[in-house]
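I opened this entry to keep a record of what I looked up, one topic at a time. The sequence and the coordinates come first, and my notes follow.

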Amino acid sequence: MSDGISCKQFQELLDALLDQELGEDEAGVLAGHVGDCPGCADLQAAELHLRSLIKERLHQRLVSTPPHLRARILVSIHRQTLVRLDPPRPH
Ligand SMILES: [Zn+2]
């Protein structure tokens with residue numbers, strides 16, 4: 001397709017796609033690429049699997065963590081997410 005993207009572009013956007021940071025148009029273009037490209041479909045599946053493993057690990061760790069530490073871990077995860085989403089601004 002003429003408006004498709006390259007594998008390199010797909011890989012660059014895959015993280016944003018899985019974080020649901022892309023608009024519908026971009027997500028649609030990526031979905032179209034996966035349909036045409038088994039290599040990137042594999043990559044996406046592997047990335048999804050990896051993410052579910054990480055979530056599972058995190059969950060297990062939280063479950064076996066005392067409540068006062070659990071809150072602290074959640075806060076630090078939340079803070080990291082905010083830092084990543086919010087680029088630093090001048091004060
Ligand atoms: Zn590809």
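**Burial and overall make-up**

I began with burial and noted that 4% of the 91 residues of the protein count as buried, where buried stands for 20 or more other C-beta atoms within 10 Å of a residue's own, exposed for 12 or fewer and partly exposed for what lies in between, with C-beta atoms placed from the backbone. I kept in mind that this is a predicted model, in which local features need pLDDT of at least 70 and side-chain atom pairs count only at pLDDT 80 or more, while totals for chains, interfaces and linings use all residues. Residues are numbered from 1 along each chain as its sequence is written.

I then listed the secondary structure, which comes to four helices and zero strands, in the order α-α-α-α from the N terminus; helices (H or I, at least four residues) and strands (E, at least two) are DSSP runs, numbered from the N terminus. Of the contacts between residues at least 6 apart in sequence, 53% join residues at least 24 apart, a contact being two C-beta atoms, placed from the backbone, within 7 Å.

**H1 and the segment before it**

I checked the length of H1 (residues 7-18): its twelve residues should span 16 Å at 1.5 Å a residue, and the end C-alpha atoms are 16 Å apart, so the two agree; the expected span is 1.5 Å times one less than the number of residues. Just after H1, I found Gln-20 with a positive phi of about 60°. In the segment before H1 I looked at Ser-6, which is exposed because 11 other C-beta atoms lie within 10 Å. Ser-6 is 27 residues from His-33 in sequence, yet their C-alpha atoms are 8.1 Å apart.

H3 is hardly covered, with one buried residue among its 26.

How closely do the axes of H1 and H3 come, and at what angle do they cross? I read that they come within 11 Å and cross at roughly 25°, which makes H1 roughly parallel to H3, as angles under 35 degrees count as such. The axes are lines fitted to C-alpha atoms over the stretch in contact, with angles from 0 to 180 degrees between N-to-C directions. Among the residues that meet, I noted Phe-10, Leu-14 and Leu-18 in H1, and Leu-43, Leu-48 and Arg-51 in H3.

Methods
Parallel < 35°, antiparallel > 145°, perpendicular 65-115°, else oblique.
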